[in-house]
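User: I am new to this structure. Please show me how to read its features, one at a time.

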Amino acid sequence: MNRLKQLAVCGQSPWLDYMKRSLIETGGLRLLIEQDGLRGVTSNPSIFEKAIAETDDYKDALTAFQAAADHGISTIYEHLVIADIRAAADVLFPVYEETGGRDGYISLECSPYLANDTAATMAEALRLWTAVARPNLMVKVPATAAGLPAIRHLIGKGLNINITLLFSVGVYEQVVEAYLSGLEDLARGGGDVSKIAGVASIFVSRIDAAIDKRLDQLGDKAAADRLRGKAGIANAKLAYVRYKALFSGPRWQALASSGAQSQRLLWASTSTKNPDYKDTMYVEALIGRDTVDTLPPATMEAFRDHGVAMPDAIEQDVPGARAILAELERLGVSLDEVTEGLVKDGVQKFADAFDKLLGAIARQRLSMQDGATTRQEISPGSAEMEAAVAKEMDVWRKSGGIRRLWAGDKSLWVGRDEDKRVGWLDIVDRELGDIDWLDSFGRDVKHRGIEDVVLLGMGGSSLGPEVLSATFGRQVGWPGFFMLDSTDPAQIKATEQAVDIGRTLFIVSSKSGGTLEPNIFLDYFLERVGAVLGKDRAGDHFIAVTDPGSPLERRAKHLHFAHVFHGMPSIGGRYSVLSKFGLAPAVAMGIDIKRLLETTQAMERTCGPDVPPAENPAVRLGVAMGVAATHFGRDKVTIIASPGITDFGFWLEQLLAESTGKLGRGLIPLAGEPVTTPERYGNDRFFVYLELDGQGDPAQILAVEALERAGHPVARIRVRDAWHIGQEFFRWEIATAVAGAIIGIDPFDQPDVEASKAKTTALTEGYATSRGLPSREPVFRENGLALYADPRNAAELGRHNTLAGYLKSHFDRVQMGDYAALLAYIKRDEAHTKALTAMRSAIRDKTHAATCVGFGPRFQHSTGQVYKGGPNSGVFLQITCDDPVDIDVPGRGYSFGVVKSAQAQGDLEVLEERGRRALRVHLKSVDAGLAELVRAVDEALS
Ligand SMILES: O=C(CO)[C@@H](O)[C@H](O)[C@H](O)[C@H](O)COP(=O)(O)O
Ligand SMILES: O=C[C@H](O)COP(=O)(O)O
């Protein structure tokens, strides 16, 4: 007789500890049932990892599934695995029927990531049970502290449960208790207990592997030789003794009389790990009535070939088994300690296998995408950095960092209210579900013959739409787009003059609704529109994007705005571009937001909670930036963006600076700095090169290659086309949150931006009552330029006879690892940008420091956070100017020029209060003054 068939004669059911698609498709499983008397199958994450990652069995199914639509990694995994489980269940169904539901089962394990989470395990088990929809399924739940209550609950709900990762007899007793209580719950609720089957899987060989190792370390060779390879079987024998006791007596009889089956012991981990042991050792010793033995193919083959079936072997020499375990205890080898460690280790092993499995699926998904997800490559710069990044990546993998991030686990950051700030993670799906309203708004804009759209807003409420407008360009047949984020009177006038006021739609965008700038822009343009169209009709040319219940919403309603779009309180401004803050302006510009969002969805899946760090581009990027900054002082994130997506750099500056720049830490992002040769950069840079496919600037490309060769870390991202810009928003949002966790800050607050806002408001309100701003005496004047410094900075600068002398002294304060920032409260236009760029290049080339340029007050709502709240490594030159033409803010008692002065003054005061190295230069005439300043900076640095 086939030796395997003898097991059934001995009362034991042989199951197969293995699964892969071809086993079912080729009829192999059916043959095992027919020829070997196989009665069931078990699977686990390691088994599916080998099946999916190491065979070609699933290639066609995966291709077909992805051809229909793109899916997330877990969805693909479940699609493949559930199909296998169902197919195997169907092949095993005749066994299930023949044995009256005692055998014929296939097991499917809950995600090992959930092993320490009762509620999530329960939800997952129920979901899998429903999805597989086969009566001969067993859902596997681990015997962890969190698993035990889930086991009882699930049995009570009528599920067949295989309890896995069970090692200790003590825990086994709790498992039986959960089983019995679950059945009693089910009966109490009117359920049929006779329909329930369950097994308790005791892992055998792993116990020996762990104990043998300890024995070898004892230094008592005789004892080690006596006890080696004995503990696993001894432990199983004692478990069997308990099985017989626990499934007898009145409590059990009451259930049995209602048709309940006992929960059989299943021997798992039955292949020998030590080649010195007989390969059928764990099968032969564990034969016993009413048990299951699950065998991997090689063990099954070995037993078929030369196994010896001795009935009731499990009941032989139980006193000997007790003696073995007692001797181990005497020798100081604690079985409890070992088995406890094995549960933890087992969870980690399955999680490791699951990581590999999901990683393999993620790679296969990407390889099928033909570039639908934008690619990213990171050159680490040095071997040390590569090693440090790899170490941190492992921390992220082992601690489930990306899953915790997606779950909003605030302990990943500083543990305040970060869990309430992660609404941006699934915003793309939400917005796709709400797209009709936005579309009808787009039709309305078109229908009304709007010529231009002007967005009034600051920072997170404006930089995203600015990127969208610049990246997509003007859409044929749709309005032009302008954005106003400056209180500079000349800038406001220029915006007003660029549009036809009577045919313009104004989008007032403010998340809080209380920010001063958008509110006073609204005051001004409302009056302008009213003057052209009549006061009563003015409101109809405005829409608002704001959080529900904000002061702006109240104003919008009062003024009869054409539309009010709501943001979500769980999404901070700089993370809001894929919500209404970016989408409402995009629709008004005529951008197909459905296409934009659907393209972005691919990146959302690529960076999902189920994509392990090695395959998750956002984690890789965030870890690289975080490690570069915290371990290598490379905290100057230098953004080089190709033509076509230049403005993305300004959005990214805000995201990185405001998110990470606080508590004296953070990344200092800088965009718009011209590229140069490697030796002109310090060792404090982390470069990011973003290239819009087909629009790469050859000079930038060569420069980036040289940087890589010179050993600077560089992240390269190639954006396929404009539609893929949404993917970048999403990638960088996650990467920033990851980097924030490594830096150890709350990436969702902006305390120092709020401080500046408060200061500006106080100064402007003070002006309205006193008609003046506090004034200061300059420390020096020359050629229409005046220098201002607080006493500390003035003392540090010393006394000089020339402007260049002061500037030299100021920039001499730039040390290795510092950065220099030009903060200019002047009109943002090409000529001024050019002059500031000339200055920053000169400073960079002379000092090798990173340089930043910000136009005020725009930068206050962006990089301003890190300048004030980040490391004290900035040397600031504030540039202010007289405004020859000023504009009154209607009804407020002050002008835009006053607001701008208050903003500059407030900002400088905060910088000074924070001990920053700061100097202000005031230009009487902006153009002549700038030219003079460029000259003086050159002289100072020569
Ligand atoms: O389903 C079960 C147990 O219920 C089995 O698949 C179980 O997971 C396996 O036997 C073990 O994981 C295999 O353990 P090992 O041979 O790797 O030590
Ligand atoms: O980045 C955010 C700016 O400070 C503007 O804030 P807000 O959208 O609440 O007006």
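Analyst: Start with the polar contact: a pair of N or O atoms within 3.5 Å; within protein, one must be able to donate a hydrogen and the other to accept it, and residues adjacent in sequence count only if both atoms are side-chain atoms. Here, a polar backbone atom of Lys511 lies 2.7 Å from an oxygen atom of ligand 2. The model is predicted: local features need pLDDT of at least 70, side-chain atom pairs count only at pLDDT 80 or more, and totals for chains, interfaces and linings use all residues. Residues are numbered from 1 along each chain as its sequence is written, chains are lettered from A and ligands numbered from 1 in the order in which they are written, and side-chain values use heavy atoms, with hydrogens and water left out.

User: Which side chains make polar contacts with ligand 2?

Analyst: Ser512 has a side-chain N or O atom 2.6 Å from an oxygen atom of ligand 2. For His861, a polar side-chain atom is 2.7 Å from a ligand 2 oxygen. Alone, ligand 2 exposes 300 Å², and the protein buries 92% of that (Shrake-Rupley method, 1.4 Å probe).

User: What classes of residue form the shell around ligand 2?

Analyst: A residue is near a molecule if one of its heavy atoms lies within 4 Å of it. Ala, Val, Leu, Ile, Met, Phe, Trp, Tyr, Cys and Pro count as nonpolar, Asp, Glu, Lys and Arg as charged, and the others, Gly among them, as polar. The shell of ligand 2 has 1 nonpolar, 8 polar and 2 charged residues. Among them are Met458, Gln654 and Lys757.

User: How many residues surround ligand 1?

Analyst: There are 16, and the closest are Asp17, Lys140, Ser201, Arg206 and Ser269. Polar side-chain atoms come within 2.6 Å of a ligand 1 oxygen at Ser201, and 2.7 Å separates a side-chain N or O atom of Arg206 from one. For Ser269, the distance is 2.8 Å.

User: How do I read an aromatic pair?

Analyst: A pair of aromatic rings is described by the distance of the centres and the angle of the planes. Rings of Phe, Tyr and Trp (its six-membered ring) pair if their centres lie within 6.5 Å; planes under 30 degrees apart are stacked, over 60 edge-to-face, the rest tilted. This rule gives 34 aromatic pairs. The Trp406 and Phe730 rings have centres 6.1 Å apart and planes at 45°, so this pair is tilted.
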